[in-house]
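Q: Please take a close look at one part of this model, the side of one chain that touches its partner, and then follow the packing from there.

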Amino acid sequence: MKTGLLKAGLLASLAFTAMMGFASAQEKLLRIGMTAADVPRTHGQPDQGFEGNRFTGIPMYDALTHWDLSSAEKPSVLIPGLATEWKADDADKTKWVFKLRPGVKFHDGSDFNADAVVWNVRKVLDKDAPHFAADQVGVTASRMPTLRSARKIDDLTVELTTSEPDSFLPINLSNLFMASPAHWAAKLAAVPANVADPAERAKQAWLAFAGDPSGTGPFKGVRLVPRERFEMVANKSYWDPKRTPKIDRVVLLPLPEANARTAALLSGQVDWIEAPSPDAMPQIKSRGFTLYSNPQPHVWPWQLSFVEGSPWLDKRVRHAANLCINRDELKELLGGMMGVPKGTVPPGHPWWGNPTFDIKYDPAAAKKLMTEAGFSATKRLKVKVQTSASGSGQMQPIPMNEFVQQALKECFFDVELDVIEWNTLFTNWRQGAKHESARGAHAINVTFAAMDPFFAMVRFTSTKTFPPVSNNWGFFGNDEFDGLIAKARGTFDDAGRDQALAALHKRIVEEAPFIWVAHDVGPRAMSAKVKGVVQPKSWFIDIAPMSID
Amino acid sequence: MLFYLVKRVLYTLPVAFGVSIVCFMLVHIAPGDPLTSVLPPDASAQLQQEMRRLYGFDRPYYEQFLRWFGRALQGDLGTSIATGRSVTSELVKAMGNTLILAAFATMIGFVLGGLFGFVAGYFRNSFIDRFASLLSVIGVSVPHYWLGMVLVIIFSAQLGWLPATGAGPGGSSDWAWDWAHLKHVVLPAITMSVIPMGIVARTIRALVADILSQEFVGGLRAKGLLDLGVFKHVVKNAAPTALAVMGLQFGYLLGGSILIETVFSWPGTGFLLGNAIFQRDLPLLQGTILVLAMFFVVLNLIVDLVQSAIDPRIQRS
């Protein structure tokens with residue numbers, strides 16, 4: 001009897017141990033080393049640029065519209081998110097009606113509905129709203145510049161109003177993530193009663209919300225250690241079955257130093273790193289990790305000055321410079337980690353537009369154009385370019401600029417590089433080529449994202465965006481471009497809007513207010529055990545469909 | 001002694017005020033926009049102005065300084081623009097992490113530095129002296145971030161013995177004194193200890209050599225004191241200067257190291273300061289610089305007091 005009991009006990013404990021081991025072995029954990037120096041904000045409007053949207057925006061929150069991140073081959077286009085359909089009012093194009101997805105719940109169990117949309121619009125646009133969050137305004141309002149207000153029509157219908165007719169609104173709205181009003185209200189109620197100032201109470205509620213966030217996304221935030229890590233677990237009741245996570249837990253680690261990220265990957269501390277150091281690529285590959293890359297909607301340009309006296313006022317000179325750079329060689333220099341541009345967007349993109357000017361390497365044609373413009377080996381053209389030694393999206397600015405400098409030398413250009421600090425360069429970008437901060441530069445090298453038509457094209461070609469209003473640093477623009485922009489903004493069917501944007505892009509490439517040098521390819525290295533990875537032609541990547549072997 | 005103590009404490013007040021003015025001026029005269037971390041570069045001019053107003057950067061500098069200084073006196077260093085968290089709480093957490101790192105680095109650096117310094121000074125011009133001096137010169141000369149990277153490549157990336165980054169398997173918030181956490185300290189602490197080791201070794205070597213060449217040592221030996229007895233006198237004579245150097249070195253270590261803490265992603269004051277600089281997070285930058293500067297002020301005060309306790313001649317002078 002005793003032996004039988006002992007055996008049964010042993011068997012039971014063995015079974016328990018095996019079950020526990022099985023259960024713990026089953027947790028599918030993905031650890032990601034980001035380039036950010038801190039965990040991007042987790043309250044629904046991330047900072048740290050698009051890396052923030054990539055890691056603490058899209059995984060935890062949904063917007064009314066989403067980017068399609070399901071293909072590595074096709075361009076990433078806008079698709080329905082929490083809104084299933086939308087349309088501008090035929091009579092008044094400043095009013096849009098969005099139909100909302102039914103049955104969606106926030107992580108705290110509350111319903112997503114029109115009230116939630118109105119609340120989320122007010123959090124960044126209505127200073128009188130009790131939940132107005134000043135620190136979320138900057139990263140949100142600038143990305144939806146014409147949105148003014150939201151009004152509930154019924155539980156699943158909402159009306160959005162813009163300051164002027166703007167067909168770009170649905171694209172802009174991919175930046176407005178929906179946070180849970182009910183969860184925020186619970187956090188507000190938990191703020192100590194001795195905090196009397198309503199603004200301070202709201203601030204503390206948002207801070208608490210950031211530590212315990214609630215969106216509608218495929219992952220739920222569960223643990224924030226500021227500046228060190230952020231953990232998310234799968235939301236198994238996510239509304240889109242295609243994006244219901246297979247990974248149980250995702251850990252985000254800010255590792256700003258490239259060598260530290262690489263070492264963390266090689267030592268098995270993380271399974272995925274963003275932007276591995278180019279020098280370490282061969283070692284990473286040789287250790288069995290997988291490198292992913294794909295050209296992003298990103299442009300590494302020289303933005304040219306059109307102020308009086310600028311050598312770039314002559315179109316032949318602009319074309320010559322674009323034809324004088326062997327971008328394939330530059331790609332080789334960067335270990336293959338760049339895309340060769342043909343314009344701001346690539347051929348095949350809905351906004352491509354078949355420009356007649358082909359951006360390629362043709363030094364003979366470049367020299368001919370320069371000769372026609374009055375320059376030669378003995379009569380050289382001096383140009384000055386402002387750039388930085390580092391900076392977000394700048395890739396490797398010094399070697400890349402020196403490469404372009406050397407390349408243009410062949411076509412009778414003498415380039416002077418004016419290297420300044422990154423944040424100062426940013427400030428100068430807004431001040432324009434006429435400002436003393438330009439120090440007489442004829443071009444500026446600031447990279448930009450090209451996902452949204454305003455940020456990709458409009459702000460660089462409209463007379464309404466001359467400095468200090470926006471980033472038309474070189475004062476490029478005329479009636480023709482203003483007309484093309486107005487047409488694109490005022491065309492409200494998706495196909496017609498894309499066609500109008502294609503016409504704008506075609507003329508931009510033909511007029512060449514930039515020297516297009518490279519597209520970033522968003523390199524990332526992952527352990528071979530991470531499966532189902534699709535690196536789209538986007539700044540973003542979808543973790544939800546991935547799995548761990 | 002009490003009068004001396006009060007006098008020295010009073011001296012620190014104008015220094016602290018001066019430090020706060022310098023902190024404020026330094027961060028405001030640096031180029032760049034204080035709202036970099038909350039405003040994308042493509043934000044409209046109107047939005048930029050609105051944000052400046054919301055954050056109070058549209059007010060005159062003197063007003064901004066007085067508001068900040070007034071709050072700082074009450075222990076409130078403001079709110080980080082980038083994170084929305086309290087600067088004081090961020091600093092306290094980072095200082096705790098740096099303290100752990102500095103404690104280990106101090107142990108390694110001072111023990112080895114003291115040992116090399118005494119041995120080298122005691123056996124001047126011998127092979128041991130040359131060897132110990134070589135080690136201390138290497139310690140002072142080698143770029144510590146480079147050493148950190150080399151250590152990471154060898155012990156993390158190649159051998160996989162020690163973690164490359166972080167302050168524990170679950171972050172520093174659940175720090176425990178077990179191997180799972182302590183192994184995260186080993187590489188950054190060794191890297192951080194190299195410079196103080198070199199400096200302490202060189203200082204003590206020079207002190208010991210100088211003391212041993214003085215006449216009173218010959219007198220001690222003539223009185224029949226053995227080496228151990230002479231050694232005690234040497235230690236006592238070398239202690240004030242060695243303590244001052246060690247105090248300053250400990251201050252440097254407490255200040256954290258931007259480079260080392262960035263290389264190892266160690267969430268200490270150096271890492272915090274680096275982030276604050278790159279994000280132009282003025283409240284965090286001002287607060288961190290002020291507290292680190294005050295570290296030195298207080299540390300110098302303590303060292304002065306300890307020195308005067310050991311050697312009353314200092315107090316009298």
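A: What follows goes from the contact between the chains to the nonpolar core and then to one pair of helices. The model is predicted, and local features need pLDDT of at least 70, side-chain atom pairs count only at pLDDT 80 or more, while totals for chains, interfaces and linings use all residues. Residues are numbered from 1 along each chain as its sequence is written, and chains are lettered from A and ligands numbered from 1 in the order in which they are written.

Chain A places 42 residues in contact with 43 residues of chain B, two residues being in contact if their C-beta atoms, placed from the backbone, lie within 7 Å. On the side of chain A that touches chain B, at least two residues each come from α4 (134-141), α7 (198-211), α8 (258-266), α14 (422-431) and α15 (453-461) of chain A, helices being DSSP runs of H or I with at least four residues, numbered from the N terminus. The largest share of that side, six residues, is supplied by α4(A).

Turning to the packing, the largest nonpolar core has 225 residues, and A:I32, A:V117, A:M178, A:A320, A:C324 and A:V517 touch the most other members; such a core is a set of buried Ala, Val, Leu, Ile, Met, Phe, Trp, Tyr and Cys residues joined through C-beta atoms within 7 Å, where buried requires 20 or more other C-beta atoms within 10 Å of a residue's own. Helix α7 (residues 179-212) of chain B gives the largest share of this core, 14 residues. Leaving aside residues up to four places away in sequence, A:A320 touches A:A366, A:L369, A:M370 and A:C411.

In chain B, the axes of helix α4 (residues 87-122) and helix α5 (residues 127-141) come within 8 Å and cross at roughly 145 degrees, with axes fitted to C-alpha atoms over the stretch in contact and angles running from 0 to 180 degrees between N-to-C directions.

Definitions and conventions: A residue is buried if 20 or more other C-beta atoms lie within 10 Å of its own, exposed if 12 or fewer, and partly exposed in between; C-beta atoms are placed from the backbone.
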